[in-house]
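Biologist: I have a structure open and would like to go through it with you. Can we start with the charged side chains?

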Amino acid sequence: MDRIHFSTPEDVDLGYELAGPASRLGAYIFDRLLLLMMQAAALLFVVIVVGIVASSLDAAAGFLGFAVVALIGFGELLYFGLWEWQSGGLTPGKRRVGLRVVMDGGYGLSSSAIILRTVLRAVDMIPLFWIVPALDRKHRRLGDFVAGTLVMRVVGEANTRVPMPDLKYNDLPCHHLALGAGDLAKLRRSEYASIE
């Protein structure tokens, strides 16, 4: 088990277990199957709508071809990117396996890191790049290197949200914190930073 350690500004040393290739593959397979089911349902819907609306077979075939490419290409980007952005580094597969994506310093993902990871997922699909996680001590794929992210095991805390570092103090999603909005309004910045 590879572990990584972070020090907080309060000099608290935190250690996390890095996700290994097997757990990352398990999360990916779960996400891939879920994405395929979603894409198949969307494609079936498009086929039905085009069959009802299209007046000529050529127009229907052209639109279906475009729909298939869009569902496969953009579906991949939207699925992983939106899940990781909305849930603070989790996808359904990562949640099931107990993994979370975080920045290399141990804090929540930034928007730019999510975009970089998501866009570079297409490059990571090329078989030549499958060797990258096996050669890296932290089991990072190319998208993780460029975005500055790590995938860690977080069994028991996989449902908690890590605030994104690019959010302002007033924009933090209060519904993910144990304190209510009224409680947070009473805190000074330094007190909030200590809690965080």
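Biologist: Which residues are linked in a network of salt bridges?
Modeller: Arg24, Glu84, Lys94, Arg117, Arg121 and Asp144. A salt bridge here is a side-chain nitrogen of Lys or Arg within 4 Å of a carboxyl oxygen of Asp or Glu. Keep in mind that this is a predicted model: local features need pLDDT of at least 70, side-chain atom pairs count only at pLDDT 80 or more, and totals for chains, interfaces and linings use all residues. Residues are numbered from 1 along each chain as its sequence is written, and side-chain values use heavy atoms, with hydrogens and water left out.

Biologist: What does glutamate 84 pair with, and at what distance between the closest N and O atoms?
Modeller: Glutamate 84 forms a salt bridge with arginine 121, with the closest N and O atoms 3.9 Å apart. Glutamate 84 lies in helix H2 and arginine 121 in helix H4 (residues 111-124), so the pair ties together parts that are 37 residues apart in sequence. Helices are DSSP runs of H or I with at least four residues, strands are runs of E with at least two, and both are numbered from the N terminus.

Biologist: Is glutamate 84 buried or exposed?
Modeller: Buried, at 1% relative accessibility. Buried means under 20% relative accessible area, exposed over 50%, and partly exposed in between, using a 1.4 Å probe and protein chains only. Arginine 121 is buried too.

Biologist: What is glutamate 84 in contact with, leaving aside neighbours within four places in sequence?
Modeller: Gly89, Leu90, Thr91, Lys94, Val101, Leu109, Ile114, Arg117 and Arg121. Contact means heavy atoms within 4.5 Å.

Biologist: Which residues of H4 are buried?
Modeller: Ala113, Ile114, Arg117, Thr118, Leu120, Arg121 and Asp124. H4 has 14 residues and reaches 20 Å from its first C-alpha to its last, close to the 20 Å expected. The expected span is 1.5 Å times one less than the number of residues.

Biologist: How many salt bridges does the structure hold?
Modeller: The structure holds 10. One of them joins the side chains of arginine 32 and glutamate 76, at 2.6 Å from N to O. Arginine 32 lies in helix H1 and glutamate 76 in helix H2 (residues 57-86), so that pair ties together parts 44 residues apart in sequence. Arginine 32 is buried at 17% relative accessible area, and glutamate 76 is buried at 11%.

Biologist: What about arginine 153, what does its side chain meet?
Modeller: Glutamate 17, in a salt bridge of 3.7 Å, N to O. Arginine 153 lies in strand E4 (residues 149-153) and glutamate 17 in strand E2 (residues 13-18), so the pair ties together parts 136 residues apart in sequence. Arginine 153 is partly exposed, at 24%. Glutamate 17 is also partly exposed, at 21%.

Biologist: Back to H1. How many residues has H1, and how far does H1 reach?
Modeller: H1 has 33 residues and reaches 46 Å from its first C-alpha to its last, close to the 48 Å expected. Its buried residues include Arg24, Ala27, Leu35, Val46 and Val50.

Biologist: Which residues make the nonpolar surface patch?
Modeller: Leu44, Phe45, Ile48, Val49, Ile52 and Val53, covering about 630 Å². Patches are made of residues with over 30% relative accessible area and no salt bridge; like charges are joined within 9 Å, nonpolar side chains (Val, Leu, Ile, Met, Phe, Trp, Tyr) within 5 Å. Phenylalanine 45 lies in helix H1 (residues 21-53). Phenylalanine 45 is exposed, with a relative accessible area of 54%.

Biologist: Zoom out. How many helices and strands has the chain?
Modeller: The chain has 8 helices and 4 strands. From the N terminus, they run β-β-α-α-α-β-α-α-α-β-α-α. Buried residues make up 35% of the 196 residues.

Biologist: Which elements have the lowest and highest mean pLDDT?
Modeller: Helix H7 (residues 181-185) has the lowest, 67, and helix H3 (residues 92-97) the highest, 93. pLDDT is the predictor's confidence in each residue, from 0 to 100. The mean for the chain is 78, and 78% of its residues reach 70 or more.

Terms used:
Areas by Shrake-Rupley, 256 points an atom, 1.4 Å probe, with all protein chains shown as cover.
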